[in-house]
Amino acid sequence: MTARILVAEDDPKQAHLIRLYLEHEGHSVLTVGDGRAALEQCRARRPDLVILDVMMPVVDGLDVCRILRSESTVPILLLTARSTENDILLGLDIGADDFISKPYSPRELAARVRALLRRSGVVAAESPSIVAVGDLEIDSGRFEARVKGERVVLTAKEFGILEVLAAEPGRVFTRGQIIDRAFGFDQQVLERTVDAHVMNLRRKIEPDPANPRYVQTVYGRGYRMPESP
């Protein structure tokens, strides 16, 4: 089911990227650049979900969240560069349903949007999308990975890399392609950073990180996940 999503983000580039990813998910997306416009459009269009950047001109995201929660039960996802416990608790206390800290991957954002829409009943729960490669399972619906049935704690970037590779087993992805697909909203990621995340990922999922079965290096090209390990 298509949802109507309002995105309030004053950075035009990030707003455009969010819109592209959510429209790719099948949603109808409206973007605005300040808090006052967000309130006006929420009242006029009654979206199914609202994504609010905390730091916005005119009216900031926290005030918008507080006002919206007094008027409706629309699910609210906060985008914040503030990642301290107090800031997070403040956002949740005034009525936000979830938050995501910047920088973040587009896949993580899309997964959180899907979860909020399912919980609100806008989109019916679906069977989770699970890719299994040997003893490794990548569960995009739950945003988690499992090895031999045991959950592995991954960072958002580690999961993003894993999800990109698992989507097309056998295909070689360059570091640049991985950055575009997994870290699209983080413009500070360098290609050498991908190698560091891959090294950490291997420590968590590989039986022998020195001889990887799941995240393999293709020298001079990038990384791939084999069709069968």
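1. In this predicted model, the exposed residues Pro12, Lys13 and His24 lie on the face of helix H1 that is turned away from its buried side.

2. The buried side of H1 is formed by Gln14, Ala15, Ile18 and Leu22. Viewed down the helix axis, these buried residues fall within an arc of 100 degrees, so they line one face of the helix. Their packing partners are four strands, E1 (4-8), E2 (28-32), E3 (49-53) and E4 (76-80), together with helix H5 (106-120).

3. At its start, the backbone nitrogen of lysine 13 has a side-chain oxygen of aspartate 11 within 3.0 Å. Just after the helix, glycine 26 adopts a positive phi of about 100 degrees.

4. A separate point concerns phenylalanine 143, which is located in the loop between strand E7 (136-139) and strand E8 (144-147). Its relative accessible area is 25%; because buried requires under 20% and exposed over 50%, phenylalanine 143 is classed as partly exposed.

5. Which residues are in contact with phenylalanine 143, leaving aside its neighbours within four places in sequence? They are Arg107, Glu108, Ala111, Ala156 and Phe159. For one of these, arginine 107, the C-alpha atom is separated from that of phenylalanine 143 by 9.2 Å, although the two residues are 36 residues apart along the chain.

Terms used:
Residues numbered from 1 in each chain as written. Predicted model: local features only at pLDDT ≥ 70, side-chain atom pairs only at ≥ 80, totals over all residues. Heavy atoms only, no water. Helix = DSSP H or I, 4+ residues; strand = E, 2+ residues; numbered from the N terminus. Buried < 20%, exposed > 50% of the residue type's maximum accessible area, 1.4 Å probe, protein only. Contact = heavy atoms within 4.5 Å. Arc of directions from axis to C-beta. Polar contact = N/O pair within 3.5 Å; in protein donor to acceptor, adjacent residues only side chain to side chain.
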